[in-house]
Structure formats: structure tokens, C-alpha cells
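Could you walk me through this model, one question at a time?

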Amino acid sequence: MNHPQESAAPALRRLLDLLASGAATEDFADVLADARRRGAPAAVLAEIDDATWQALRVHRTLRQHRRREAELTALFDTAGDLAASRDLDTVLQAIVRRARMLLGTDTAYLTLPDEAAGDTYMRVTDGSVSVLFQTLRLSLGHGLGGLVAQTARPYATPDYRTDERFHHTGTIDAGVLDEGLVAIIGVPLLLGGQVIGVLFAADRSPRAFSPDEVALLCSLAAHAAIALDTAKSLADTRAALAELNAANELVRAHSAAVQRAEQAHDRLTDLVLRGAEVPDVAAAVAALLGGEIAVLDAEGEPLAGRSAPAAELAEAVAASRAEGRSVRHREQWVCAVLAGHDALGTMVLRGRPDLDDADRRLFERASVVTALLLLLRRSVAETENRIRGDLLTDLLTAPERDPAGLTARGRRLGVDLARPHLVLVAEPADGKTDERGRLAGAARRYLFGSRGVSAEHAETVVLLTPVESGSGGSGGAVGAGDPEETARQAAERLARLAGFPVTVGAGRPAAGPSALAASYGEGLRCLRALRVLGRAGEGASARALGFLGVLLGDGHDVDGFVGATLGPLLAYDARRGTELVRTLRAYFDCGGSLTRAKDELHVHVNTVVQRLDRVEALLGRDWNQPERSLELQLALRLQLLAGG
């Protein structure tokens, strides 16, 4: 039954309610169907049909707007993530999750190239359940992703397994099959026209992806590219900042090292200019480096600090000379003190096993300053020695001409001739006069740092050394009081310095020009005696030569010779009340006959034998050898003549 008065208004209000409530599309068709069932007029039905079509257009537009709003919200959120500088993994994970949510796919994932391995790998996945798929690596140019990377364009396939547009591989197909994927879309991550990755969305059922969905995924891929570029820029910036900080630290350290080196240089230079000695420089360097410094001369004798065995440092010193730098030796540092190729000594640093470059250079600079100081001292010493050598020559040539003038002249030159001195006379052991110049240089080095004087005189080299008060010949130091020990030590050191054996004869200690000249004559005769006795290359005094020394010495020290030769016997007789000296004299007077000696002494022969055994115990087994026997007989005769 028709109702002419019926209008389309109720249907239109219902359509508006459906639009307002966001009803499904099929609900709009129910409005027209209900009007037909009610028997609405054709005009009303036409009006409702037209309104329904318009409502569907509005509904579709609203749905597109809502979807677009959701897409824009996702893009804004992604941009916010980038602006908030969240870490790269979090940003990429959010992008992939939003791609999956907005496209309504089962999975989404992102691959990046691995330049080292030459392939691509799964960087981020969302919705994946297959471990094989999550760890899949794709060779360049293979699969749908390879096609996207090669062409820099998005590609979508409703059914991956049957799509022949791209190269299938067993590995990729196995991963896709294990994940159960069918429809896949991939878009490139572009940065400056270069593909730096691929963003995917995939379903486990066939599906056609709309242009809007492709555009949305491309927008997310652009954000992913920005995130990657930002992360790279941040990493580069951090690396550049780290390098800059490191460079600044190096600059500061270098500046500090330069400043410290300048201060050290100024301090050491000031010491040299103020006339400091080697120990002063060593102390300053020790304070600068925070360690202990020792300075040794060319023979290993200490000039400052504790000494060290020369043999122990020999290898390190040789290495330092060869490299021209300091070298580490066990827990210490060693630096050769050089003047050109001339080795002046060695510096040793203890207590600093680890030296940085700046401190090592400071240590080496200290060795240069020490070399300069030693050269200056050597130059001054050589000049002074030449002047003093003229004094020594005049002293030995004409001591009686003007003793007072010689003494005054010596005092002006720092040589006190009025105090006791030892006179050493030296010559090359082989007697070659062409080596005398080298021996003279060795003598100057031997006396370096002492108040001694040396000069070439009468084809020999003469050394005048002051006798230190309280010295007793310990160690053979320059100026020791024992002529025998001093001569022996001088022969050894002069040989090392000159590079060939040296013979040294010593006179007795003397004071005053005349006595010193006489001591020189005694030393010269001792030198000749050593040559005659086949003892070239040794050092000795006249007293040490036994009876030859008595004959050679100007003073003829009879008491000293007798005491040195018969001393043990005299002491024993005085202590025990025995007659060993008388028995020995009788034995020699009787030509070595025990029988005649016992008659001379009025004792039993066994008593003579026992006394001679005691003599042997006190004097040694060689007491009856020809040379020793001659000395003993001479001493016994001199003792008898002296009333002993």
C-alpha cells in the first residue's frame, strides 16, 4: 500500500546517523532496502538511493581521512623519534612496527647492506616467527629486495613464490617459506640517490598493495634513511670530537713537554754558565726526572752518583753509541756521553724504568750538556796542564836555579810544591817513542779532576800528584800515599786510557823542588830497572824492587829494606825470644851447611832444621831460591852493619 505523504527524511536522518557512527559500508545499503520493503514511492526511493550514494562517498572520504590522519600521526611520531635523538635501534624498530600496523600486514622488516661481507642482512624485524628468516642474509641482486636495490624503485608482489620478475635463490625462498610469506612489498631507503637499505611489509596470504600503501611505506623508508644518516653523522661527529679531544690532549701534552724541556734547558744551561760541576748537573737532572742519576767517566769510574760494573753496562753503552740515543737496560736507562765519536762517559738513570718520549729526550739532552761540561773541563784542564807542564819541565831540568821562584810560580798555578807529592815516570812498555804523544794524552785524562800535573820530559811522561792527607794507598787513587800501589794502579789505568801497556816507576814522596827532582831521578831509575828485569808493562817503586831498590834509590833506605825483608823474623824473635835471624845468618855464612851451622850456633842439628822450618813458614818456600836468598843475605849484612 502506497503512502503518498511518506518522504525520504527518515532515511536521510538514518544515513546521517550511520555516517556519524562510522558504520560499515554494507549498513548504508540496508536503508534503501528497508524503504523498498515499506513500499516507498519511486521518487522517494530514487532520492534515498542518491543520498545513499552520496553518503558512501562521504563515508569513503572520511575513512581515507582517518587513515591519512593515522599515517600522518605515525610519520609525526617517527619524526619526533628522530628529533628526540633516540638510539638507532629503537627508531628503526618503531618505523618497522608502524609500517606493519599502518599497512595491516603480518610482518615488516628492514635490510641493510654489509659492505665487509658483500651482502645484506636483516637489521630489524617485526611480527616474524621464523629464526631462519630473522637471520637470513641476501646476496646483492637476489630476491625482491635485490630488485628494489638495483632499480631504486618500490616493488610489490601479491604472491612471491610465483613472481618471476626477480631472481629466486634457494636460501631466500627457504627463509620466505619458513616464515610463510606470500604477498611482499619492498621500498628503497634512499640517501642522495643511493640505496642504503630496503623496507618491507609482507602478508602470509595473497594481497594487492594499493598506491597509497606504497606511498606510505616510502615515507616511512625516507624516515628510516634519515635515521641511518643521522646515526652515521652522529657517529662521525663523535669520532671527530674524540679525535679532536685526543688532538687537544696531544697538543696540551706537547706544550707541557716543550715548556718543561725549555725550563730544563734553561736550568742546565744556567748550571753550566755558573761553572757547576758534573755532580751539580746530575742532581738537577735527577730532580727533573724523579730518579737517581749516575755519571761515569770513559773508564766506568764514577763522576757523580753510585758506580756500576763497567762490564754490566758495556753492551748498553755500545747500543747507545750506535743508536745515538738512550737505551733501556733492565730497570735503568743508559745514555752514552759523546763528543762526536769520542766517548767521554756514560749517564745512568735509575728508578724510572718507564720513560715517555719527553722525559727520554730530557735525559738525552742532559747527556749533551754533560758532554759539553766535560769538554769544557777537559779543555781548561789541558790548558792548565800545559802551563803547569812548563813548570814541571823547569823543575826537573834545573831545580837548584831558583827553588823559591819555582815554588812561588807553582803556587800561582795552583801547585803547592811545598807539600808532599809523588813523582811517577811512565813510558810505553814497548819503548816506542812515537806512542809517547798518546801516553801524554792518557796522562792528562788520568789526572783529570785532580790537582796533578803531567808533562813530556826526556822521552818519558812525568806525573806529579799531591799526596792526600791520611791516604794510605787504598785503591791506587790519584795522589795516594803508597808509591808502590799508586804506581801499579797508574800503570793499569794509563794502559786502558792509552790503549797499550805502560810501565810506571815511582819515586818516594817528596816536597820542594830539589827533593822532587831527586824523586824523579829515583823513579826514572826504577823505570829502567823494570825494563831490565823484564817487567815492562808493570808499575813499581824502588822500595818494592828489594835490594835493587836500595841500590837505585838516592836515599838508600836501609832500615826500610831490612824491615821489609826480615820483618817477620825480627818480629817473631822479639815476641818469642828465639834466634831465627841469627840462625839464618849462620846458615848462609856456612854456605848452606847444616852441620857447620849447628857447630857455629852450638846447638843440635835438629834444632837448626826446626828453626829453618820456622823461617820457611814465616818467609815462604822461596826463601832459599837464588834471588830471594841474595836479598836475605844483603838484608842480614846491612842489619849486622847497622849494629842489629
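Here are some questions and answers on this predicted model.

Q: How many helices and strands does the chain have?
A: Happy to start with the overall picture. The chain has 644 residues, and 43% of them are buried. Its secondary structure comes to 21 helices and 16 strands.

Q: Of the contacts between residues at least 6 apart in sequence, what percentage joins residues at least 24 apart?
A: Contact here means heavy atoms within 4.5 Å. Among the contacts in the chain between residues at least 6 apart in sequence, the share that joins residues at least 24 apart is 59%.

Q: Are helix 1 and helix 2 roughly parallel or antiparallel?
A: Helix 1 (residues 9–21) packs against helix 2 (residues 25–37) with the axes 10 Å apart and an angle of about 170°. Angles over 145 degrees count as roughly antiparallel. That makes the arrangement of helix 1 and helix 2 roughly antiparallel.

Q: How many charged residues are in the contact of helix 1 with helix 2?
A: On the helix 1 side are Ala 11, Arg 14, Leu 15, Leu 18 and Leu 19, and these meet Asp 27, Phe 28, Asp 30, Val 31 and Asp 34 in helix 2. Sorted by class, the residues of this contact are six nonpolar, no polar and, as for charged ones, four.

Q: Which element gives the most residues to the largest nonpolar core?
A: The largest nonpolar core has 29 residues, and Leu 268, Val 285 and Ile 293 are among those with the most contacts inside it. Elements that give two or more residues to this core include helix 8 (211–273), strand 7 (292–297), strand 11 (342–350) and helix 11 (357–397). With eight residues, the element that gives the most is helix 9.

Q: Which tryptophan does Phe 363 touch, not counting residues up to four places away in sequence?
A: Phe 363 is one of the residues with the most contacts inside the largest nonpolar core. Leaving out residues up to four places away in sequence, Phe 363 touches Leu 289, Ile 293, Ser 326, Val 334, Cys 335, Met 347, Val 348 and Leu 349, as well as Trp 333.

Q: Is His 602 buried or exposed?
A: Let's look at the backbone too: phi of His 602 is near 60°, a positive value in a residue other than glycine. His 602 sits in the loop between helix 19 (594–601) and helix 20 (605–619). A relative accessible area over 50% counts as exposed. His 602 has 71%, so this residue is exposed.

Q: Is Arg 585 buried or exposed?
A: Arg 585 belongs to helix 18 (residues 580–589). Beyond its neighbours within four places in sequence, Arg 585 is in contact with Leu 636, Gln 639 and Leu 640. Under 20% relative accessible area counts as buried. Arg 585 is at 17%, so this arginine counts as buried.

Q: What is the C-alpha to C-alpha distance between Arg 585 and Leu 640?
A: Leu 640 is one of the contacts of Arg 585. These two residues are 55 apart in sequence, and in space their C-alpha to C-alpha distance is 9.5 Å.

Q: Are helix 18 and helix 20 roughly parallel or perpendicular to each other?
A: The axes of helix 18 and helix 20 come within 10 Å and cross at roughly 105°. Their contact has seven nonpolar, one polar and two charged residues. Angles of 65 to 115 degrees count as roughly perpendicular. Helix 18 and helix 20 are therefore roughly perpendicular.

Conventions
Residues numbered from 1 in each chain as written. Predicted model: local features only at pLDDT ≥ 70, side-chain atom pairs only at ≥ 80, totals over all residues. Heavy atoms only, no water. Axes fitted to C-alpha atoms, helices over the stretch in contact; angles between N-to-C directions. Helix = DSSP H or I, 4+ residues; strand = E, 2+ residues; numbered from the N terminus. Parallel < 35°, antiparallel > 145°, perpendicular 65-115°, else oblique. Nonpolar A, V, L, I, M, F, W, Y, C, P; charged D, E, K, R; others polar. Buried < 20%, exposed > 50% of the residue type's maximum accessible area, 1.4 Å probe, protein only. Core = buried A, V, L, I, M, F, W, Y, C linked by side-chain atoms within 4.5 Å.
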